[in-house]
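Hi,

Here is the structure I promised to pass on.

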Amino acid sequence: MIRLGHEKFYAQGGDWGSIITSHMSVLYPNNLLGLHLNMCACIAKLCSLKQWLIGTIFPSLIATEEEMPFFAPVVTKAAEVFLLELGYLHIQSTKPDTVGVALRDSPVGLAAYILEKFTTWMNREWKNLEDGGLTKKFTLDQLLDNVMIYWVTRSITTSQRLYSETFNKNMAGYGLDDIPSKVPTGCARFANEITIHPESLLRYKYPKLIQAPIYADGGHFAASEVPEVLAKDIYDFIEKIL
């Protein structure tokens, strides 16, 4: 951004974008006017295991009444989610090239691997539907476009290496997750996101949290699922910090 002539700017991200832009807010706080996220989390030492354990037993101590319907089920089903949904994360963190070679060689395998995430990350209950609920939010052409970006560019392996290059001792040694952001922050929380953290925990990482509404519709792919809602939330946030 600086090379493009923009000394100060806003940053927005979801999924890996939320991690990258959060690191930017820690490393370059004087350049970021504001940070907006649609996957908001507080991890590592800032949100201690003790707090999470308390939340597991007494969720009302760290979650508001509005947050309870979204936070409590995540806590009680944490083990189920870990066992059933995070296998991809482990293999991509440890053997990205192995699975990457297989996916780069099979368009059907690649489509199956990617589209499964559209099912479980938009709404985990949809995995029980015959079509995985894939066309509830998107057309088949839109889904194919997403897969084709990886297939034509042959970039599935490099996209998976991001996990192994992040979840390792060297990266953890920088301690970026443990440093609170000094940048004004907005967080759009969507009901079907992979995880929804209570505002009380988010403030450990983002002490200048300006807004953190919860939306009843939308999941992990909010920018594609409910683009108008996400865009409005971004604009509302920027107006508050101008």
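A word on burial before anything else: buried means under 20% relative accessible area, exposed means over 50%, and partly exposed is in between (1.4 Å probe, protein chains only). By that rule Thr-157 is buried, at 4% relative accessibility. You'll find Thr-157 in helix H9 (residues 156-166); helices (H or I, at least four residues) and strands (E, at least two) are DSSP runs, numbered from the N terminus. Setting aside neighbours within four places in sequence, Thr-157 has contacts with Pro-96, Asp-97, Gly-100, Val-101 and Arg-104, where contact means heavy atoms within 4.5 Å.

Do bear in mind that this is a predicted model, in which local features need pLDDT of at least 70 and side-chain atom pairs count only at pLDDT 80 or more, while totals for chains, interfaces and linings use all residues. Residues are numbered from 1 along each chain as its sequence is written, and side-chain values use heavy atoms, with hydrogens and water left out.

Next, the disulfide. The count is one, taking a disulfide as a pair of cysteine sulfur atoms within 2.5 Å. Cys-40 is joined to Cys-187, S to S 1.8 Å. The torsion about their S-S bond is about 115 degrees, so this disulfide is right-handed. The two cysteines sit 147 residues apart and link distant parts of the chain: Cys-40 is in the loop between strand E2 (32-37) and H2, and Cys-187 is in strand E3 (residues 185-187). Cys-40 is buried at 6% relative accessible area, and Cys-187 is buried at 1%.

Cheers
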